[in-house]
Amino acid sequence: KKGFGKHSAAISCNMSEDGGDVAAEAAPASASIAQCVALLRATGDEHKFVGLLLATKLMKNAEDATTVFDAAMPFVRRLLLAPKNGEDAGPYRGLALSVLASFGMDPDLAARSEFSAAASTAAQMLHDDASLTAEALRDVVSVLGALLRQPQALIDPTTLLSTIVAPVAARMRYGPSSPACS
């Protein structure tokens, strides 16, 4: 089966409370997703990062994606907000964009406010971060596409389309001092 995430990792690390292995292939999918969620809810960023990497490998259906979404979104949002000039921020932001794009494949997740808030941050990267890789740019476009497929996206004037995408597009087209950007 094809997973929701495109980042995959064969990671095996002793991080569970009882000293057991958190190996993706050793447990049924639901148990493995539960282990990922436990890692995503841990206090240390290292645990959360490993949980996110494992989740990208293990998400196989919408139920898995919803479970991971609920646990991962605060961390995904934080990764998206990592300073663009920070040491090694690119790979973390790239993973967050990839995961967000994976969540956008599920219309129910793309309709949630947490997705929209993270998508707003991702959209801002189009203007603020000239160092986006081609893969990260594709993920941002995928995220924005997921938002635009939502019924309210083109109707509500407070949506991401009018508040972020249109001004960013105007700045890219006409420059930051253009009246169209005001």
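Predicted model: local features only at pLDDT ≥ 70, side-chain atom pairs only at ≥ 80, totals over all residues.
Is Asp70 buried, partly exposed or exposed? With a relative accessible area of 39%, Asp70 is partly exposed.

**View 1. Helix H3 and its bend at Ala72.** Helix H3 covers residues 62–80, which makes 19 residues. A straight helix would reach 27 Å at 1.5 Å a residue, yet the end C-alpha atoms of H3 are only 23 Å apart. Take a look at Ala72, where H3 bends by about 55 degrees. A proline, Pro74, follows within four residues of that bend.

**View 2. Asn61 at the N-terminal end of H3.** Here you can see how H3 is capped: Asn61 places a side-chain oxygen 3.1 Å from the backbone nitrogen of Glu63.

**View 3. Buried residues of H3.** Ala72, where the helix bends, is itself buried. Other buried residues of H3 include Asp64, Ala65, Val68, Phe69, Ala71 and Met73. Further along the helix, Phe75, Val76, Leu79 and Leu80 are buried too.

**View 4. The salt bridge between Arg78 and Asp45.** Side chains of opposite charge can pair when their charged atoms come close. Arg78 is partly exposed, at a relative accessible area of 41%. Asp45 counts as partly exposed as well, with 34% relative accessibility.

**View 5. Arg112 and its salt bridge to Asp70.** We are back at the residue of the opening question. Asp70 forms a salt bridge with Arg112, and their closest N and O atoms are 2.6 Å apart. Distant parts of the chain are linked by this pair: Asp70 lies in helix H3, and Arg112 sits 42 residues away in the loop between helix H5 (107–110) and helix H6 (113–128). Arg112 is partly exposed, having a relative accessible area of 25%.

**View 6. The network of Asp70, Arg112 and Glu114.** Arg112 also forms a salt bridge with Glu114, where the closest N and O atoms are 3.5 Å apart. Glu114 counts as partly exposed at 35% relative accessibility. Salt bridges that share partners join Asp70, Arg112 and Glu114 into one network. How many salt bridges does a search of the whole structure find? The search finds three.

Note on methods: Residues numbered from 1 in each chain as written. Heavy atoms only, no water. Helix = DSSP H or I, 4+ residues; strand = E, 2+ residues; numbered from the N terminus. Expected span 1.5 Å × (residues − 1). Bend = angle between axes of the 7 residues up to and from the residue. Buried < 20%, exposed > 50% of the residue type's maximum accessible area, 1.4 Å probe, protein only. Polar contact = N/O pair within 3.5 Å; in protein donor to acceptor, adjacent residues only side chain to side chain. Salt bridge = Lys/Arg side-chain N within 4 Å of Asp/Glu carboxyl O.
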